[in-house]
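Please read it with the structure open beside you.

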Amino acid sequence: MFKVAKNDLQGTLDLLVLKTLSHAKQLHGYGIVLHIQKASDELLRVEEGSLYPALHRMEQSGWIRSEWALTESNRRAKYYALTPAGRKQLQEAERSFEHLVKGVRTVLRYA
Amino acid sequence: MSLIRRIANLRTRSKIDREIEEEIRAHMKMREEDNRAAGMSPLEARRDALLRFGNPVVTRERVSEADAALGLDSFGADVRYAFRQLRRSPGFACTAILILALGIGACTAIFSAIKPILLDSLPYPQAARIMMIWEGSGSDRPSPVTFGTFHGLAERSHAFAALAVMKPWQPTLISRDRPERFEGQRVSADYFRALGIAPHLGRDFNASDDRFRGPNSVILSDTVWRRDFAADNSIVGQTMRLDGELYTVIGVMPRAFENVLAPAAELWAPLQYNPLLPPDGREWGHHLRMVGRLRDGVTKGQATLEMQLILPGLAQEHAAGYDSTGGPPKNMIVNELQSDLTNAVRPALFAVLGAVVLVLLIVCVNVTNLLLARCAQRQSEFMMRAALGASHTRILRQMLTESCILAGLGAAFGMIVAFAGVRALIALSPPQLPRLSAISVNAPVFLFGLGITTLLGIVVGLAPALQVSRKQLHGGFGSARTIGSRHWTRSVLVIAEVSLAAVLLVGTGLLLRSMQHLFSVDTGFHASGLLTMQVQQSGHPLDRDAASFRFFNQALEQVRQVPGVLSAGFTAQLPLSGESDVYGVEVEGKNNPNGDPALRYAVLPGYVETMQIPLRRGRLLNEHDTAGAPIAVLISESLADREFPGLDPLGRRVRVGLDAGHEDRPWATVVGVVGNVKQKSLAVGDEDAFYINTSQWAWVDTAESLVVRVQGDAAALAPAIRSAIWSVDSNQPITRVATMNDLVAASEADRHFVLMLFEAFALVGLVLAATGIYGVLAGSVTERTREIGVRSALGASRRNILLLVMRQGMAFSLVGLLLGLSAAVAASSAITALLFGITRLDPLTYAAVAALLLLVSAAACLIPARRAVSINPVDALRAE
């Protein structure tokens with residue numbers, strides 16, 4: 001059983017971010033936006049502003065950690081990386097998402 | 001812990017803010033650069049970056065919220081902002097805080113009085129096991145126990161771990177040059193064990209102290225020990241002279257010991273009654289209160305049942321003793337000490353509690369209305385905040401913060417009101433109120449105040465906060481306001497206020513009318529111009545009766561010599577003084593050897609004349625009815641009707657008091673019938689009584705009440721009368737000096753106390769309701785300035801406009817009044833117990849309340865109505 005709640009969309013953003021960070025060693029916010037866009041074949045476009053509250057919340061929860069570093073174009077940016085706790089969270093989130101998708105699809109087919 | 005990390009973040013807030021700022025800026029810059037690389041112009045690149053990102057200000061706030069614990073920091077900002085807002089409108093702030101302080105203060109004060117009486121358990125270990133035990137005579141009220149019953153129960157009962165009886169004791173200490181009278185108790189050995197408190201110095205009473213003609217010993221209260229003996233640790237074993245006899249101090253009670261059964265008592269001595277129970281002795285008088293501590297595991301019901309089984313045996317064994325005292329008890333009544341103490345005041349306290357809750361509700365409604373009015377003025381401010389990105393919840397939180405701060409400030413001042421209120425409550429409280437010493441503003445009371453404050457803040461703030469709906473926030477600026485729904489809310493609130501005030505007023509009116517009825521009750525004597533005092537005769541243990549009799553007669557002679565004294569007399573019990581002295585009356589030929597109970601007035605000649613109790617038939621008592629002469633008694637009309645219905649009572653023979661039921665004792669003759677006198681209270685019709693000269697009664701009471709009829713001001717003559725008595729013997733203490741009118745008033749002190757509180761609360765309610773009507777109407781006139789201008793430009797007369805506004809205002813009060821009066825019909829059932837002479841549906845009260853409320857609301861309407869009339873149509877039309 002999987003309970004569908006309002007927060008699931010937010011959970012989806014978390015999932016996308018965690019998944020993105022699991023591929024790269026570390027990325028800054030802008031980089032995450034670009035990666036999600038590219039990886040989804042331009043299907044998903046994250047509202048860039050809403051990414052940051054999510055990033056900070058996940059950092060406070062200990063799923064990701066951050067450090068300031070220089071970009072290729074020599075600009076100071078905050079880079080995020082996955083923590084072991086984040087990796088576990090990612091597995092869990094992926095599982096829930098699978099459930100959600102399966103559930104929603106079943107409902108859609110039923111009609 | 002993420003919560004701790006978030007709280008820690010608060011400290012380094014400015015640093016984190018800078019980082020967030022920088023992070024967002026970096027993001028924008030990178031997007032801008034990419035855009036430019038893709039061929040956009042610098043301006044286009046920047047615009048696209050902004051569009052993609054959304055509102056950076058909002059993002060920044062949400063990011064820092066994610067960092068900080070539950071937005072703790074923005075709470076600080078809210079608080080600062082709220083204070084600034086309040087400072088900007090001091091009139092509003094002061095009014096709201098004052099009203100809240102009144103409501104919170106009154107509520108807290110009443111709660112602090114009710115808590116120790118109704119909520120707290122008594123200050124004894126396992127207080128729920130302590131029981132009061134009374135004798136029952138079937139349907140009648142419980143009566144005090146005799147020593148005979150106590151002695152028999154104590155010997156046979158196994159239900160109690162400790163069982164004790166007590167009676168008041170007022171010994172006189174002749175220490176320096178003046179006699180000082182103490183309040184104390186005579187108690188049987190187990191008294192303190194029943195309560196579960198032991199002396200902290202010395203020892204408790206034991207069986208060898210409490211034996212007939214045993215040694216004189218005394219236990220002191222902590223107060224006496226500190227005040228009169230300078231907290232001397234070697235006090236145990238020392239002696240003190242009480243009533244002319246030496247008493248050995250054997251113990252001192254702890255400071256924390258609260259004696260709820262006799263709060264004024266400072267000394268305790270053993271009872272020392274005769275366990276042989278002579279049938280004609282005081283051992284068979286109904287004058288002892290009995291208290292017991294249930295053994296572990298024994299229930300109240302089991303104890304009652306056990307005593308019920310013991311009673312028949314007792315009655316058989318002590319038939320002679322019970323015959324002299326109105327027969328054996330039919331049953332024993334066992335009550336928890338707590339409910340026994342509080343039963344009498346419970347209805348009054350609940351009525352007061354109800355009234356104060358009504359006041360609090362009115363306060364709530366009033367402040368809500370004030371906030372709504374202010375909210376209307378701040379409409380554009382909220383719209384501006386919404387336009388700048390404040391979310392709806394953010395604005396809601398801001399408003400709740402403001403109302404909670406208002407409530408908090410109200411509570412701060414409310415605590416001052418509560419402190420003053422508690423002091424006033426204690427000063428004005430009726431003597432029947434138990435546990436007076438435990439009433440104070442302490443930590444739980446403070447927490448209670450804090451609780452209602454928080455509740456008030458939220459309740460009061462919620463309505464205006466919800467008013468600022470999403471729709472209105474995005475409705476736009478300017479003059480197009482949606483005032484309809486807000487007006488509707490405010491009208492409902494005003495109507496609620498008026499109806500709550502009406503309920504309070506009806507309660508007050510009913511109590512007021514009850515008091516009127518009570519004080520128009522015929523007491524049976526003429527109270528004006530009467531001075532009363534209690535005179536004690538102490539000392540002379542050898543021929544106490546003769547010495548007392550001599551002293552009281554000489555004192556009476558001296559008092560009669562005082563200029564201004566018209567007449568004077570002594571009585572063993574004084575009407576409406578709280579005393580109740582009942583003995584049996586055996587009627588010849590009726591075969592009631594136990595005697596029917598009647599109030600006993602043992603008097604010195606002159607008492608009935610001084611009280612001006614009307615003589616209905618026969619003659620009064622005189623000096624010739626003395627020891628050795630045939631015994632003469634006066635009886636009250638009600639006793640005559642009860643014992644001799646339809647017959648002439650004169651010349652009938654009765655045996656009274658200890659003589660009742662004793663064949664060998666002489667008969668007394670009824671020589672006259674006098675009017676009924678209220679003894680217990682104005683409301684209670686307990687009037688069966690007989691009067692007998694002290695010289696013909698079995699003993700002379702050592703405490704007698706002097707009644708003096710004087711010319712002019714009764715109280716002014718007190719010093720002269722006192723010195724007249726002391727001219728006979730300056731060692732005899734004189735207490736309870738009061739005019740008869742004071743006693744009459746004091747006998748209704750509990751009703752008066754409730755009435756006083758109701759009056760105060762109703763006044764507050766009325767004023768708040770009036771200001772509520774005024775506020776809403778004034779606001780509406782301001783908002784309708786343009787409309788009124790148009791109306792008068794189109795030819796409406798001043799009269800039309802006056803009526804227009806008045807009609808709106810009076811509609812509120814009429815609807816409120818109707819609702820309030822119907823609510824009062826239901827609510828008044830809560831004070832039925834306090835009413836006298838009227839029903840709770842007393843039409844006069846309801847009519848008077850309606851008239852008063854309408855009058856006051858008309859006055860409240862008049863001011864805005866006059867302003868509406870004075871609106872100049874030209875100015876009004878130009879203003880918009």
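This is a predicted model: local features need pLDDT of at least 70, side-chain atom pairs count only at pLDDT 80 or more; totals for chains, interfaces and linings use all residues.

1. Start with a definition. Two packed helices are described by the angle between their axes and the distance between the axes. An axis here is a line fitted to C-alpha atoms, over the stretch in contact, and the angle runs from 0 to 180 degrees between N-to-C directions.

2. H2(A) and H3(A) pack with their axes 10 Å apart, at an angle of about 120°. The crossing of H2(A) past H3(A) is right-handed.

3. Which residues meet there? From H2(A) come A:Gly29, A:Ile32 and A:Val33; from H3(A) come A:Glu48, A:Leu51, A:Tyr52 and A:Leu55. This contact is made up of five nonpolar residues, one polar and one charged.

4. Next, the interface. Here 17 residues of chain A are in contact with 20 residues of chain B. On the chain A side, helix H2 (29–39), helix H3 (48–60) and strand S3 (76–82) each supply at least two residues. H3(A) gives the largest share, eight residues. By type, the chain A side has four nonpolar, seven polar and six charged residues.

5. Chain B is divided into domain 1 (2–67), domain 2 (139–329), domain 3 (346–519 + 749–879) and domain 4 (539–732). Between the C-alpha centres of domain 1 and domain 4 of chain B lie 98 Å.

6. How confident is the predictor? For the complex, it gives an ipTM of 0.85 and a pTM of 0.74. Chain B has a mean pLDDT of 86, with 94% of its residues at 70 or more. Treat residues 476–482 of chain B separately: their pLDDT is below 50. Beyond near neighbours in sequence, that stretch has six contacts in the model.

Note on methods:
Residues are numbered from 1 along each chain as its sequence is written. Chains are lettered from A and ligands numbered from 1 in the order in which they are written. pLDDT is the predictor's confidence in each residue, from 0 to 100. Two residues are in contact if their C-beta atoms, placed from the backbone, lie within 7 Å. Helices (H or I, at least four residues) and strands (E, at least two) are DSSP runs, numbered from the N terminus. Ala, Val, Leu, Ile, Met, Phe, Trp, Tyr, Cys and Pro count as nonpolar, Asp, Glu, Lys and Arg as charged, and the others, Gly among them, as polar. Domain bounds come from an automatic or database domain assignment. A crossing is left-handed if the near helix is turned anticlockwise from the far one by less than a right angle, and right-handed if clockwise.
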